[in-house]
Amino acid sequence: MASIGKCLLFYLKHWTEMGRLYDEDEPDVSGLPTPDLTLEKVWAVGDAACREVAEFLEAFAPGIEAHFRSISTVERVRNNLENMWELRFRVTPKRVPSRRFEVGVSLDRSVLLPWIWCRGGRRAEDEVVELQELQTRVEEFERRLAYNEAKR
Amino acid sequence: MTAPPVPAGFLADLELVCPTRTTAVADTFLADLEAVYPDARASARQQQEVAVADLVSLGEALTVWREHNRRLLADYLARLPADDPLLNPVSLFGTLDYGRLETAHTRALAWLLGDREHGFGFRLLEALLTHTLGGAVAVRVGRVESEVVARSHHGTAGRLDVLAEGRLIGDAGERSWVLVIEGKIDAGEGEDQLARYDEWVDRRPPADHTVRVFLTPDGREPDTSTEPWQALSFLTLAAVLRRAAAALRDRPGYHFLCYYLTGVLRDVCEVPVPVSADGPNPYAAVEYLRSVFPQAETEGGDGEHR
């Protein structure tokens, strides 16, 4: 199971402050105690959090790939996880290759956000989500069926 | 001690970006890679370790910083009128789920800047020009339009979000000006988008002052022009309009302006509106209010009282 490192945890806990001090090139430090020293720590913790987030997100990759590979061709979109805090895949359904879509996991504002994106706006996204939910329901049904069979 | 093997996942990725079928790879490449891999891996793992004590002291410093900003915010909030956009829960476009719709914002901005039924005259446009030109100006306005079709000489057309033009009135007589605004919220610039607008602006009759404004949530610089576009954040725009709004309370469009500003602050700038001093993010509101009331940084400053 993926674990969250201590610097990432700190970053998530102090999301607003770390975002303003670590992400901005020239942060406004008025009111910050011992700004130089504090900023040095912010950068060290921020750098470590970026490394930890990359390891954390990487742990999701095999599961996502395995899930979509059963119905589609899955291609990892290479990006710098440490900078982007986002894991991304391009998914091409085997039966309808023209209906390509992207899925991913982002860490944003302390929320781990699984997302899905399709050309065509919300309607297309809803359709894909519905298909995924349908597949999940079918899998759940098959699991129950197998369980009931086994009980007999 | 033997070097750890190159992970299979890495080799699979390498095959993806550099397929052996189609790319000439030196025979020794993998062996070379294997030789440097342990050092690179060890070096990556020896990145500066952060001690728990450092995390504790940093956490304390950030808490002090947050409390400082909360106190500042409380001081500012005490100076705001009850109907201030920062205290208002209703966002103009948020009610339609169009809170970050670019065209809604830029069309509303063009409407506010022009002399329309809101009754502001050109007060907001004057305030924006004063901000972008860096000093108080008296202006005569010829026209303010939104979604202006700007066609390059290649025939490629784009729609400039806001175009305004007129004359500055000063001691040295009247001088012409043109203001163009291109706003972006979630989208990026199109290919050579601003360069195409530059070309269109350059083909128009020359103005003494050409003010190009690139309006974005974070005030970023544009990528597609070499001309001097002024990067303006929506937060700064809101502060400029809010300062001017103080003198417009009796005009028919005042409440529309307040709802518009609430939407800009909440939906575009992500300020937690309605703001309270004990909220988790006092910083953006303090930054905005510092700009609205530049003279009232500390207790006892002259603010705009309820």
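How many other C-beta atoms lie within 10 Å of A:Thr34?

Modeller: There are 13, so A:Thr34 is partly exposed (20 or more would be buried, 12 or fewer exposed, and partly exposed is in between, with C-beta atoms placed from the backbone). This is a predicted model, in which local features need pLDDT of at least 70 and side-chain atom pairs count only at pLDDT 80 or more, while totals for chains, interfaces and linings use all residues. Residues are numbered from 1 along each chain as its sequence is written, and chains are lettered from A and ligands numbered from 1 in the order in which they are written.

A:Thr34 has a positive phi of about 35 degrees, although it is not a glycine. The residue sits in the loop between helix H2 (15-22) and H3 of chain A (helices are DSSP runs of H or I with at least four residues, strands are runs of E with at least two, and both are numbered from the N terminus).

Now follow chain A onward from that loop. Chain A is assigned domain 1 (6-58) and domain 2 (61-151), with bounds from an automatic or database domain assignment. Where the two domains touch, domain 1 of chain A supplies 8 residues and domain 2 of chain A supplies 9 (contact means C-beta atoms, placed from the backbone, within 7 Å). On the domain 1 side, helix H3 (residues 35-58) of chain A gives the most, with 6 residues. That side of domain 1 has 6 nonpolar, no polar and 2 charged residues (nonpolar: Ala, Val, Leu, Ile, Met, Phe, Trp, Tyr, Cys and Pro; charged: Asp, Glu, Lys and Arg; polar: the others, Gly among them).

B:Glu147 is another residue other than glycine with a positive phi, near 55 degrees. B:Glu147 lies in strand S1 (residues 138-151) of chain B. B:Glu147 has 13 C-beta neighbours inside 10 Å, and therefore counts as partly exposed.

The two chains also meet: 18 residues of chain B are in contact with 18 residues of chain A. On the chain B side, helix H3 (52-77) and helix H9 (283-292) of chain B are the elements that give two or more residues. The largest share, 11 residues, comes from H3(B). By class, the chain B side divides into 9 nonpolar, 6 polar and 3 charged residues.

B:Pro274 lies between helix H8 (254-268) and H9 of chain B, and the peptide bond from B:Val273 to B:Pro274 is cis, with omega near -5 degrees.
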